[in-house]
Every structure is written in structure tokens, then in C-alpha cells.
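Q: I have a chain open on the screen and would like to talk through its architecture. Could we begin with the overall picture and then turn to the details?

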Amino acid sequence: IRDVALFSVAFCALVLALWLDLRFASEILSRISTDAMYVHVDFHTFWHSAAALLEGRDAYGTEARLENLNPPFWVLLSSPLGLLEPLLAYRIFVLITLGITVGYLIWMAAEVGLRSPLAIVAVTMLLLSSPLLGTLALGQIYPFLALGLVTAWVADRRDRPLLSGTTLGLAVALKPSLLPVLLWPIVRRRWGAFGAALASGGAATAVGAAVVGLGATLDWLRLLSDQAASPYWDNTSLPGAATRLFAENEFAAHIAALPWTIPVAYALGIGAIAITAARARQGPEVGLWALVAASLLASPIAWHNYLVLLGPAILLLLAWGRTAPAFLLLALQSIPGQWSLLWSERDTVVASLALTLYLYILIAHWLILLSASKVPTGTPALEAGETKRG
């Protein structure tokens, strides 16, 4: 009965996604193909930082439309793109990003022993998912983070703790809001992996800070400390939803002015991380991905496109035979951001609740991953893992 209900919801989500895709098809595709750099705003922001670094200027004091919240380590890694014209650099970046995404999805599917028909369907749906298309259009770094997480996960599965910890630390260095994922080796007492994560993350941060300079690094830290939970509909975190629904804001009609709900939302997010960390010992293979989801729930800002990070976990669920919940998540990820266009001009509480859809989707990911804490015996994924360890 449960699987029938999940498949039914997944079918409804796919119908909704298809209707939105048909209605806004030209807009969805043009966001990637357009020459207008203001559409590729995230990439344009860190391109400005990369160019400033190469010219000896402040990497965080540029004329970019948005403030650059990426750490100095990413400014260093992306600095070669500053040698190119912005649009050419963006096109190259999209190709690299797409290649990386295809690579880690195929790698993950092969690692968990996912059968070819299911693997083809799931990988195709993930490549056409709203979070990935949005990531490509804006020029965001989430596929690079996902590659680091997949590498850490596979290395742990193959009993290579140093490699696992090193790549996990680098992922956190690129996106400090993922810091709670370091609980994954801690709760399992993988001290070598934890030490490697601290060393690699600390070294990457130090090198980045040394290259961009102390002043620029302090500017970045100041920008981070000034960031509050955004009420914008695309923010899928618990604090973001509380700010949107229970505080006056320019993006949605709030239900009531209850500012105390925002610290409560942070507390709930921390509680979700604690619960997930405790369960990670029971199901270590899914524990990392559940911790990623919990980290996003607790963060001040977790854009909808962050769901790219959870794509590999859906392949794991499919390999374990959890087909219904996995396809539900695939269907939910297919709902495009144009959903917000149906509600953004309606100043009603119902519209505000509808604009919070992507929080519900993130919660669904977290709950499904949390419930999959134990690997079913006799699954291809488990047998493959035991063979590699043996």
C-alpha cells in the first residue's frame, strides 16, 4: 500500500512537472543558451573574483551583481577562467560541469551495481532534473561538491579512509555549510578519515587564504557572518521557510509575525543533524547522504539547486530495491522552478505555502534517506560492497 501511494504521488509530480515544462519550455532552455551574463549570475560573480585575483585586486570587492560567498579556495581553483571572456568562460564551465555530472552519476550507478535499464532511466532523469538545469543556467559549483562526496563515499566503501577523508574535507572547504557531514566519520569512529578531512580542509582553506590575501579572506568571512536566512522562495532550508512564513518580507505574505520561529527553525535543523548522525552508525552507506540533507535543512541558505548533491543517493536507493521512494524523489526533482511563477504575484498565505514547496521536497529527501538506515540483506549493492572489502 505504501509503495502504491508513493508511486501515485510520483506520477502526479511528473504530470505537474511535464505541464510546467511545456508551459515554460522556452524559458527553461533559454536560461542556459542565452548570451546574457546576468542570467548566469552565480558564475559571473566568481568570474569577477577570479579576474580580480589575477589582476592583483580584492577578490571580494568586485563590481559583480551579487556578493561572492564562495571561499578563497574556490576563487583559487576557478582563477584560470578569469583569463577568458566571461561568456566563453561560462560555456567552458558548463561543459566541464556537465561532464563531471555524467561521470559521477555513472560511477555511482556502477559502484552500487544498479541494473542498466534502471540506471539509464534514473541518470537521464537526474540530468534533466530542475536542480541540475538550474545549476547549469546559473553556473553554480554543486556538481563539483557532489563529485567530492561520491569520491569520499566510494573510497570509504573500498576501505580507503585517507582518500575518503581527504575528499570529504575538500568538499567542506568548498562549501562550509556542509560542515556537519564531518560527523559521518566521527560517529563511526573512522578517526583516520576524520583526521584526513580536517587536514585537507584546513590546508585548502589556508592555501586559498594565502593566495587571495588576508584582507580578502576577512572580507569573505564578514560576508558570511552578515548572511541571514533568506525568505526567497528558492531557499529550501528550515530557517528560510520560517523567515518567509513568519516574518515580514518582500517575497511572500507571512502567516503571522512570529520572529521566535526563526531560532526554533535553527534548533529543529540542529536536531535533524543530531538524529541523522545517530542513525548514521546503523546505516553508514546512506548516512553520508542523509547528513547532507540534514545540513541543508539547518543552513541559513540552501537553494533548491543544492538537491544536485542528493542525486547519487537516489541511485543507491534504487540499487537497494527501494524503487517507490527513489522514483518519488526523482519525480519531485523534476518539478521546475517555474512553479514559483504561478504563485509569486499572489499575496496570500496559500501562495506562501505553495512557494515553500521546495522545502517539502528537501524534507522528503531527508526522511526517505533517514528511513533507509539499514541495508536490505542480499541486495546487489551490499554484495558488491562486501566483495570489494573482502
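A: A term comes first: the radius of gyration is taken over C-alpha atoms, and the globule rule is 2.2 Å times the number of residues to the power 0.38. Please note also that this is a predicted model.

Q: What does that rule give for the 390 residues here, and what does the chain have?

A: For 390 residues, a compact globule would have a radius of gyration near 21 Å. The chain has 20 Å, which agrees with that value. Along its principal axes, the C-alpha trace spans about 55 × 50 × 45 Å.

Q: How many helices and strands are there?

A: The chain contains 20 helices and zero strands.

Q: And what share of the residues is buried?

A: Buried residues account for 56% of the 390. As for contacts with a separation of 6 or more, 75% of them join residues 24 or more positions apart.

Q: Now the aromatic side chains. How many aromatic pairs are there?

A: The count is 13 aromatic pairs. One of them is formed by F43 and Y90, with 5.8 Å from centre to centre and 65° between the planes, an edge-to-face arrangement.

Q: Which helices does that pair tie together?

A: F43 belongs to helix α3 (residues 41–54) and Y90 to helix α5 (residues 86–111), so the pair connects parts that are 47 residues apart in sequence.

Q: What about F93 and F144?

A: Their ring centres are 5.6 Å apart and their planes meet at 20°, so this pair is stacked. The cut-off that matters here is that planes under 30 degrees apart count as stacked. F93 lies in helix α5 and F144 in helix α8 (residues 142–157), so the pair ties together parts 51 residues apart in sequence.

Q: Where does F93 stand on burial?

A: F93 has 3% relative accessibility and so counts as buried; the limit for that class is under 20%.

Q: Lastly, which residues do the ring pairs link into a cluster?

A: The cluster consists of F43, F46, W74, Y90, F93 and F144, linked by ring pairs.

Notes: Residues are numbered from 1 along each chain as its sequence is written. This is a predicted model: local features need pLDDT of at least 70, side-chain atom pairs count only at pLDDT 80 or more; totals for chains, interfaces and linings use all residues. Side-chain values use heavy atoms; hydrogens and water are left out. Helices (H or I, at least four residues) and strands (E, at least two) are DSSP runs, numbered from the N terminus. Buried means under 20% relative accessible area, exposed over 50%, partly exposed in between (1.4 Å probe, protein chains only). Contact means heavy atoms within 4.5 Å. Rings of Phe, Tyr and Trp (its six-membered ring) pair if their centres lie within 6.5 Å; planes under 30 degrees apart count as stacked, over 60 as edge-to-face and the rest as tilted.
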